[in-house]
Amino acid sequence: MATEQSGCPDSLAPPPLSKEAALAQLLAAVRPLDEVETIPTDQGLGRVLARALTSAIAVPGWDNSAMDGYAVRCADLAAGPARLRVTQRIPAGTLGQPLEPRTAARIFTGAPIPTGADAVVIQEYCTRDADWVEVPGHPTRGANIRRTGEDICVGTEVIAPGTRLRPQHLGLAASVGATQLSVYRRLRVTMFASGDELVMPGEPLGPGQIYNSNRFTLKGLLVGLGCEVSDLGQVPDSLEATMAALARAAAGADLILGSGGVSVGEEDHVKPAIERLGTLDLWNVAIRPGKPLAFGHVHGTPFLGTPGNPVSLFVTFLVFARPLVLRMQGVTGDLEPPALKVRADFDVPRPDRRREFQRARLTRGTDGEWEAVVYASRSPGVLSSAAWADGLVEIPAGQTVARGDPVIYIPFGGLLS
């Protein structure tokens with residue numbers, strides 16, 4: 001796995017791009033998928049909707065009770081509390097009879113409102129005595145009644161194209177009777193890891209060798225985003241092997257993702273391999289961890305290369321690969337993950353020239369406010385810090401932090417989905 005050291009003096013290397021500039025360049029360089037397939041609604045989780053879902057029905061389809069209680073005529077209670085005869089019982093899924101004056105209908109949540117009734121009085125406010133019920137006076141017309149189309153009207157667009165479908169979207173689609181959804185096909189991503197020092201778990205470790213954790217992290221991140229993943233495995237540290245892997249990946253992938261080999265050392269071959277096979281559009285990004293980030297095209301297929309240090313790979317994937325994958329999948333709108341402002345329970349006395357993403361978790365302060373605690377080590381090789389954390393604290397370049405200052409905290413919940 002390559003380190004984040006550069007072989008060139010800073011004065012000779014091109015200035016690294018800011019996070020915003022690099023991300024804008026990445027997103028501008030790719031196109032969303034245009035191949036659409038139709039799938040059953042219950043298989044839509046995590047897929048991206050290609051065509052708007054419009055409702056052919058109203059939801060609810062009839063005026064119905066929002067509570068368990070008694071359907072009444074407000075006119076019968078205009079003078080105050082009244083004793084009404086209970087003439088019918090209307091559970092959900094049953095159509096009642098028209099409500100006669102001076103009567104009440106026992107009704108349950110979701111049941112259709114009988115003709116003539118114009119309010120539902122909650123059962124806790126009533127006193128039942130055999131076939132009679134004491135009802136308080138002066139109910140509000142329409143009280144506890146859900147009106148036809150209150151949620152969705154006929155012809156309403158209920159899910160917009162470009163939406164990544166979550167469980168609530170599937171429930172919404174089912175609520176309007178959709179049995180199938182038009183979605184973009186899954187993004188095909190081919191991945192590989194560079195490094196002669198890498199060994200798969202289960203194999204004996206030789207001198208200087210480490211287990212290939214990046215392969216598992218990267219595949220897990222891609223599968224979590226709903227990608228169809230092909231894994232080329234470990235690629236030896238040679239220019240020929242790297243070029244062969246890139247060419248093979250480009251033949252069947254929408255996107256190529258690599259880990260390691262993206263720095264400028266003698267054993268880092270991704271940069272020259274891409275330059276021989278295609279174009280290298282981006283190289284240095286001003287973030288920590290993860291300065292070397294390679295982006296280009298191999299035979300027309302986008303390639304993104306992340307650093308070999310495990311935490312650098314993890315962070316650069318969340319910051320750059322995630323929005324790139326989402327855009328290629330057809331997700332529209334803002335791709336920035338939700339962030340919170342919380343209080344720092346740490347100090348950064350010296351500013352960094354790069355924007356920093358520190359692994360962090362939230363705790364409650366003595367006053368009940370949320371505070372961010374950062375992992376003790378900033379090393380990009382300490383993968384246990386990513387498992388310890390539940391999010392990232394983002395610290396802008398050139399900024400110091402004192403305990404108690406507000407900081408930006410990005411939960412993993414918004415980054416890993």
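How much space lies in the second largest pocket? The second largest pocket holds about 280 Å³ of space. The model is predicted.

**Second largest pocket**

- The lining of the second largest pocket is made of 15 residues, and those closest to its centre are Arg31, Pro32, Leu33, Asp254 and Met328.
- By type, the lining of this pocket divides into 7 nonpolar, 3 polar and 5 charged residues.

**Largest pocket**

- The largest pocket has about 430 Å³ of space.
- It is lined by 21 residues, of which Arg164, Arg166, Arg322, Leu326 and Ser417 are the closest to the centre.
- The lining of the largest pocket consists of 8 nonpolar, 8 polar and 5 charged residues.

**Cavities**

- Rolling a probe the size of a water molecule over the atoms shows where empty space is left.
- The model has 3 cavities of 30 Å³ or more.
- In the largest cavity there is about 110 Å³ of space.
- Among the 13 residues that line the largest cavity, Leu318, Val319, Glu336, Pro337 and Leu415 are the closest to its centre.
- Helix 1 (19-28) and helix 6 are the elements that give two or more residues to the lining of this cavity.
- Helix 6 gives the most, with 4 residues.
- The lining of the largest cavity has 10 nonpolar residues, no polar ones and 3 charged ones.

**Aromatic pairs**

- The count of aromatic pairs comes to 3.
- One of them is the stacked pair of Phe192 and Phe303, with 6.4 Å from centre to centre and 20 degrees between the planes.
- Phe192 belongs to strand 13 (residues 188-194) and Phe303 to strand 21 (residues 301-306), so this pair ties together parts of the chain that are 111 residues apart in sequence.
- Phe192 has 1% relative accessibility and therefore counts as buried; Phe303, also at 1%, counts as buried.
- Another pair, Phe314 and Phe412, is edge-to-face, with 5.5 Å from centre to centre and 85 degrees between the planes.
- This second pair links distant parts of the chain, since Phe314 is in helix 6 and Phe412 is in helix 8, 98 residues apart.
- Phe314 counts as buried because its relative accessibility is 10%, and Phe412 counts as buried because its value is 7%.

**Charges over rings**

- Arg106 places its charged end over the ring of Tyr70, 5.2 Å from the ring centre.
- Arg364 does this with Trp370, its charged end sitting over the ring at 3.8 Å from the centre.

**Leu232 and its contacts**

- Leu232 is part of strand 16 (residues 228-235).
- Leaving aside residues up to four places away in sequence, Leu232 touches Thr190, Met191, Phe192, Ala245, Arg248 and Ala249.
- Phe192, one of these contacts, is also a member of the stacked pair with Phe303.
- Leu232 and Met328 are 96 residues apart in sequence, and their C-alpha atoms are 21 Å apart in space.
- Met328 is among the residues closest to the centre of the second largest pocket.

**Backbone angles**

- Most residues other than glycine have a negative phi, and most peptide bonds are trans.
- The peptide bond from Val59 to Pro60 is cis, with omega near -5 degrees; Pro60 is in the loop between strand 2 (53-54) and strand 3 (64-65).
- A cis peptide bond also runs from Arg288 to Pro289, with omega near -5 degrees; Pro289 is in the loop between strand 19 (287-288) and strand 20 (292-298).
- His138 is not a glycine, yet it has a positive phi, near 60 degrees.
- His138 is found in the loop between strand 9 (132-135) and strand 10 (145-146), and at 57% relative accessibility this residue counts as exposed.
- His299 likewise has a positive phi, about 50 degrees, without being a glycine.
- The place of His299 is the loop between strand 20 and strand 21.
- Is His299 buried or exposed? His299 counts as exposed, because its relative accessibility is 54% and the cut-off for exposed is over 50%.

Notes:
Residues numbered from 1 in each chain as written. Predicted model: local features only at pLDDT ≥ 70, side-chain atom pairs only at ≥ 80, totals over all residues. Heavy atoms only, no water. 1 Å grid on protein atoms, 1.4 Å probe; cavity = no way out; pocket = protein on both sides within 12 Å on 5 of 7 lines; lining within 4 Å. Points joined across faces, edges and corners; volume = space filled by probe spheres on them. Nonpolar A, V, L, I, M, F, W, Y, C, P; charged D, E, K, R; others polar. Phe/Tyr/Trp six-rings, centres within 6.5 Å; stacked < 30°, edge-to-face > 60°. Buried < 20%, exposed > 50% of the residue type's maximum accessible area, 1.4 Å probe, protein only. Lys NZ or Arg CZ within 6 Å of the ring centre and 35° of its normal. Contact = heavy atoms within 4.5 Å.
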